[in-house]
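Dear colleague,

Please find the structure below, handed over for your records. My notes on its ring contacts and on one helix packing follow it.

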Amino acid sequence: MKAMRMHMEHGGKGSDLLLLLHGMGATGAVWSPFCAEAGARWRGRWLAMDLPGHGSSDRQESYGIGQYAATVARAVLPHVDPAGRLVVLGHSLGGVIALALATGWFGVAPHSVFGAGIKVAWTDEELQRMESLAAQPAKRLPTKEEASQRYLKVAGLAGIAEAASPVTARGIARDADGWRLSMDPRGHGVGPPPMTELMALARCPVHLGRGDHDAMVTLEQLRALDPGAQGLGPHGHNVMVEAPARVWDWVASAA
């Protein structure tokens, strides 16, 4: 079976590895403001990848949490130094994948996991909308600018990132029919995360957090799962873009 091509960016030196996993619809480039501070904030290496079906990574047959986690684990395993620590920081969907990795079922053994902005409560209407999006072909747009603006909106980055910024890189693609978002629409069919079960199965410390203005999840919902869940200041869903220093403080306090 042909190995999937996974787009990865990395930096730093040392045995410890910080793995960064983005949310649905985004790409690993969303971590660029955060990674810009890594030299001063992290003694080790960092790796940010485009999840399967996102950005410049290959698409896969299905997008359940287990399938995501298995693909991510295979891609990151060659970069893990057994002599160092593996810390996983995931945002939204990436946070759920990080929790799946924390079970140890996928061939990697994180030393600690952080999940920011994970949506834990889903209505039937929201789930139906996600299923509908998963069944539709990618919408084509006539210009790069229109596609970039749509990407910023879908990824929750409108108003906090510019269309020409590194954060927007790889979020759009062009084919014979025009411009589109690079995400495979079938990825919307991932379903609600089994948060209670994943928290119970974790074999390492798990830390949850959110920006105080994140409309996707409340602090009360997170503290029902992690009593120590942190409010990360007056920021929205993409707190690592708005306030990378605050997220570094959070990681440093518990990693």
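**Ring contacts and helix packing**

The charged end of Lys119 is placed over the ring of Trp122, at 5.1 Å from the ring centre. Please bear in mind that this is a predicted model.

Turning to contacts between rings, the count of aromatic pairs comes to four. One of them joins Trp31 and Phe34 in an edge-to-face arrangement, with 5.5 Å centre to centre and 70° between the planes. Trp31 and Phe34 are each buried. Phe34 also pairs with Trp248, and here the rings are stacked, at 4.0 Å centre to centre with 5° between the planes. Because Phe34 belongs to helix H1 (residues 32–35) and Trp248 to helix H10 (residues 244–254), this pair ties together parts that are 214 residues apart in sequence. Trp248 is buried, as is Phe34. Together, Trp31, Phe34 and Trp248 make up one aromatic cluster.

The second topic is helix packing. Two packed helices are described by the angle between their axes and the distance between the axes. For helix H3 (residues 65–76) and helix H4 (residues 93–102), the axes come within 9 Å and cross at roughly 75°. H3 is therefore roughly perpendicular to H4. On the H3 side the contact involves Ile65, Tyr68, Ala69, Val72 and Ala73, which meet Leu93, Val96, Ile97, Ala100 and Leu101 of H4. Sorted by class, the contact of H3 with H4 comprises 10 nonpolar residues, with no polar and no charged ones.

With kind regards

Methods:
Residues numbered from 1 in each chain as written. Predicted model: local features only at pLDDT ≥ 70, side-chain atom pairs only at ≥ 80, totals over all residues. Heavy atoms only, no water. Phe/Tyr/Trp six-rings, centres within 6.5 Å; stacked < 30°, edge-to-face > 60°. Buried < 20%, exposed > 50% of the residue type's maximum accessible area, 1.4 Å probe, protein only. Helix = DSSP H or I, 4+ residues; strand = E, 2+ residues; numbered from the N terminus. Lys NZ or Arg CZ within 6 Å of the ring centre and 35° of its normal. Axes fitted to C-alpha atoms, helices over the stretch in contact; angles between N-to-C directions. Parallel < 35°, antiparallel > 145°, perpendicular 65-115°, else oblique. Contact = heavy atoms within 4.5 Å. Nonpolar A, V, L, I, M, F, W, Y, C, P; charged D, E, K, R; others polar.
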